[in-house]
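Student: Could we go through the helix packing and the pockets of this model, setting each value against the definition behind its name?

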Amino acid sequence: MTILCVRFQLPPTREADLPRLLGMLEEFTPVVQALPPDGALADLRGAERYFGRDAVELASVIRVRSLALYGVDCVIGAGPGPMLARVALRDAVPGVTCAVPEERDAIAEFLADKPVAALPGVGAATARTLDDYGLDTLGRVAAAPLSTLQRLIGAKAGRELHEKANGVDRGRVVPNAVSRSLATERPFGRDELDSDRHRRALLSAAEEIGARLRALEKVCRTLTLTVRYADRSATTRSRTLTEPTAHSPDLTRAAYGMYEALGLQRARVRAIALRAEGLDPADQASHQLTFDPVDEKVRRIEEVADRARAKFGPRAVMPGGLGGPGRLAA
């Protein structure tokens, strides 16, 4: 087990601490890949030899340092590859590292009873398609003929799923850095089932992110959606925008697209968060001009609304979808 997948238990108000926590991981290995908003992968192959400890023992040291230096607990999964470490993270709890054995038979046994959605990159729509044919666990997917999987979900996706279900982990940890970002979260007063209220929260969050970007004269290249559920699990999706933007309707459309792609049905949602990443100066960003007068009018209205909010407060101008009973704060 040479790869750790770490999820720091950061409250929304402390997500800006992630770069410092990544720096702490880099004291053990330079091969650290950030997984915003609150996680990271760490390749400990060199660290195991240097410190004379295995990955599980180093995970305990990392947890102690995180608590002692930053007051942040974490959950950690360990495995021979990034994909297996991320699957192990699902079963980890604070204080106990969940580790996937390196032996092929042991890996197969570990994965066998896991739901298909436990694999990174397998969304709700793919899981439902496979479930309709009785392929609801990774053990059954592994035993299914490759040709069957390819007919159900496509040639490339079927091949990748077949390999992953059989414990073949071709991933690697790619060192990166956390981009400067802006984030906001919309918690619900109770676990929320209503998709209309989910969309209202997304609209409110996108409006806030857009207004903050424009106030800083920044644009973002990537938008990340995090949906937190009643069982404390979370789903995170990112989308690279067609062009860098701070235009609220563009951010809202991207947020809606990611939400709809999750295919949530009667999900008990505790909070929805948006993060704008890859920030660049607005005056250096290109914008595709259009001959649509409506788009230009909307942008001019947005400028006027920003001036009104700057003078009279953030709730001086709000989209109509946020008005009425039970409205969400902008």
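Tutor: Helix H4 (residues 82–89) and helix H5 (residues 104–112) have axes that come within 11 Å and cross at roughly 40°. This is a predicted model, in which local features need pLDDT of at least 70 and side-chain atom pairs count only at pLDDT 80 or more, while totals for chains, interfaces and linings use all residues. Residues are numbered from 1 along each chain as its sequence is written, and side-chain values use heavy atoms, with hydrogens and water left out.

Student: What makes H4 oblique to H5?

Tutor: Angles under 35 degrees count as roughly parallel, over 145 as roughly antiparallel, 65 to 115 as roughly perpendicular and the rest as oblique. The axes cross at roughly 40°, and therefore H4 is oblique to H5. Axes here are lines fitted to C-alpha atoms, for helices over the stretch in contact, with angles running from 0 to 180 degrees between N-to-C directions.

Student: Which residues make the contact of H4 with H5, and how do they divide by class?

Tutor: Leu84, Val87 and Ala88 of H4 make the contact with Ile107, Phe110 and Leu111 of H5, where contact means heavy atoms within 4.5 Å. Ala, Val, Leu, Ile, Met, Phe, Trp, Tyr, Cys and Pro count as nonpolar, Asp, Glu, Lys and Arg as charged, and the others, Gly among them, as polar. The residues of this contact therefore divide into 6 nonpolar, no polar and no charged.

Student: Why is H6 called oblique to H8?

Tutor: H6 and helix H8 (residues 146–153) pack at an angle of about 125°, with their axes 10 Å apart. That angle makes H6 oblique to H8. In this pair, Thr126, Thr129 and Leu130 in H6 meet Leu149, Leu152 and Ile153 in H8, and by class the contact has 4 nonpolar, 2 polar and no charged residues.

Student: At what angle do H10 and H11 cross, and is the crossing left-handed or right-handed?

Tutor: The axes of helix H10 (residues 195–215) and helix H11 (residues 248–262) come within 8 Å and cross at roughly 145°. H10 passes H11 in a right-handed crossing, a crossing being left-handed if the near helix is turned anticlockwise from the far one by less than a right angle, and right-handed if clockwise. The residues of this contact divide into 10 nonpolar, 5 polar and 4 charged.

Student: What makes a set of grid points a pocket, and what is the volume of the largest pocket?

Tutor: On a 1 Å grid over the protein atoms alone, a pocket is an open set of points where a 1.4 Å probe fits, with protein on both sides within 12 Å along at least five of seven lines, and its lining residues have an atom within 4 Å of a point. The largest pocket has a volume of about 1800 Å³, and of the 49 residues that line this pocket, Arg7, Tyr229, Ser233, Ala234 and Thr235 are the closest to its centre. By class, its lining has 27 nonpolar, 10 polar and 12 charged residues.

Student: Which residues lie nearest the centre of the second largest pocket?

Tutor: The second largest pocket, with a volume of about 500 Å³, is lined by 21 residues, of which Met83, Pro120, Gly121, Glu160 and Lys164 lie nearest its centre. The largest share of this lining, 5 residues, comes from H9.

Key
Helix = DSSP H or I, 4+ residues; strand = E, 2+ residues; numbered from the N terminus. Points joined across faces, edges and corners; volume = space filled by probe spheres on them.
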